[in-house]
Amino acid sequence: MQNTSDPFIQHAGFYIVAMSSMPYSNVYVMFLTVIYVITVMCNVFLIAIIFYDHRLHVPKFMAVGSLALVDLVLSTSLVPGMIKTILCHLNCAVQMFTYYNFLTLESLSLCILSYDRFIVICFPLKQKSLAFIICAVCIFNSVRSLYGPSSISALSFCGSLKVNSYFCNFAPVSRLSCSDITAQWNLATASTILFNAVPLILIFLTYMGILIAVFRMKNNQSHYKALATCTEHLILVAIFFIPIFVIFNLGLFGIVINPNVRTVCLSLSSLIPPCVNQGGLRAGFKAGFILCSSRDCLFIL
């Protein structure tokens with residue numbers, strides 16, 4: 001990385017320029033706003049149902065509720081902030097922490113849900129509470145996510161303050177620094193690989209176990225039911241992970257892509273899964289069997 005030994009210099013804030021440099025950026029932001037409104041309405045409704053009905057306070061729906069909360073905060077950390085083009089250092093640090101914390105929690109939540117499906121299908125009599133796993137993951141990831149904002153606050157900025165991203169992104173911000181960022185860059189790269197690759201590998205392994213268990217079933221109807229329960233979740237996994245891995249690996253190997261294409265791909269991969277999760281969660285409700293009437297929630301066994 002480019003380094004100098006200049007004195008410590010920090011300015012008032014950063015200019016977020018990726019959206020303003022895109023053609024038809026106003027139309028795209030309006031599109032993302034519609035996605036955000038749908039996401040907020042659906043996830044708040046879902047969290048309220050799970051909180052209200054004590055019969056839903058079971059491991060499966062705790063995981064579903066946690067994912068809905070993660071979806072809500074992840075979307076909120078991005079879309080409202082896109083309206084602002086200038087962020088002070090504090091706002092930049094808060095947005096960076098919130099985004100990376102809940103983006104990683106999104107991938108970990110998808111991993112936990114795949115583990116829950118694995119236990120339900122392969123070991124239906126050994127279901128355990130996911131509360132400890134969820135709490136441990138949240139605490140550990142929150143502590144880990146403090147690294148990015150804290151390392152940025154220690155850097156000196158003596159050149160351009162234009163961040164070529166749609167939010168206060170660690171990589172574009174750190175590239176603006178005139179300090180030595182080799183250690184921060186290497187640690188951030190290793191953390192990104194670890195907390196994206198490991199959940200995806202675990203999801204792959206759980207679904208391999210599910211497929212083995214499914215094809216051992218003698219009843220064809222059980223095959224279809226088990227596979228249908230998992231299909232929408234796998235679609236969500238693909239929508240979330242594929243753009244992130246493609247963009248990250250292109251950058252890792254030094255392949256330059258159009259900045260506008262990068263902005264659209266990464267913003268959609270962050271905002272589409274929280275919105276379409278409702279389709280995946282409907283499959284979860286069909287498998288855990290809830291119908292909402294005007295007064296109460298009824299289970300179909």
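**Helix packing around H3**

I began with H3 and helix H4 (residues 131-145), whose axes come within 9 Å and cross at roughly 150°. For my own record, axes are lines fitted to C-alpha atoms, for helices over the stretch in contact, and angles run from 0 to 180 degrees between N-to-C directions. H3 and H4 are therefore roughly antiparallel to each other. The cut-offs I used: under 35 degrees is roughly parallel, over 145 roughly antiparallel, 65 to 115 roughly perpendicular, and the rest oblique. H3 passes H4 in a right-handed crossing. A crossing is right-handed if the near helix is turned clockwise from the far one by less than a right angle, and left-handed if anticlockwise.

A note on the source: this is a predicted model, where local features need pLDDT of at least 70 and side-chain atom pairs count only at pLDDT 80 or more, while totals for chains, interfaces and linings use all residues. Residues are numbered from 1 along each chain as its sequence is written, and side-chain values use heavy atoms, with hydrogens and water left out.

Next I turned to H7. Helix H3 (residues 89-122) packs against H7 at an angle of about 15°, with the two axes 9 Å apart. That makes H3 roughly parallel to H7. Here H3 passes H7 in a left-handed crossing.

**The whole chain**

I then listed the elements: the protein chain has nine helices and five strands. Helices (H or I, at least four residues) and strands (E, at least two) are DSSP runs, numbered from the N terminus. From that end the order reads β-α-α-β-α-α-α-β-α-α-α-α-β-β. Of the 301 residues in the protein chain, 45% are buried. Buried means under 20% relative accessible area, exposed over 50%, and partly exposed in between (1.4 Å probe, protein chains only).

**A patch on the surface**

I looked for nonpolar surface and found a patch of about 840 Å², made by Leu194, Val198, Ile201, Leu202, Phe204, Leu205, Met208, Leu211 and Phe215. Patch residues have over 30% relative accessible area and no salt bridge; like charges are joined within 9 Å, and nonpolar side chains (Val, Leu, Ile, Met, Phe, Trp, Tyr) within 5 Å. A salt bridge is a side-chain nitrogen of Lys or Arg within 4 Å of a carboxyl oxygen of Asp or Glu. The areas come from the Shrake-Rupley method with a 1.4 Å probe, and for residues only the protein chains shown count as cover. I picked out Leu202, which lies in helix H7 (residues 182-215). Leu202 is partly exposed, with a relative accessible area of 39%.

**The loop between E1 and H1**

Tyr24 lies in the loop between strand E1 (13-16) and helix H1 (25-52), and its phi is near 55°, a positive value in a residue other than glycine. Most residues other than glycine have a negative phi. Tyr24 counts as exposed at 70% relative accessibility.

Ala18 is also in the loop between E1 and H1, but at 1% relative accessibility Ala18 counts as buried. Ala18 and Val163 are 145 residues apart in sequence, yet 7.3 Å apart in space, C-alpha to C-alpha.

**Two further pairs**

I found Ile47 in helix H1, partly exposed at 26% relative accessibility.

Lastly, Ser177 lies in the loop between helix H6 (170-175) and H7. Ser177 is buried, with a relative accessible area of 8%. From Ser177 to Gly159 I noted 7.5 Å, C-alpha to C-alpha, for residues 18 apart in sequence.
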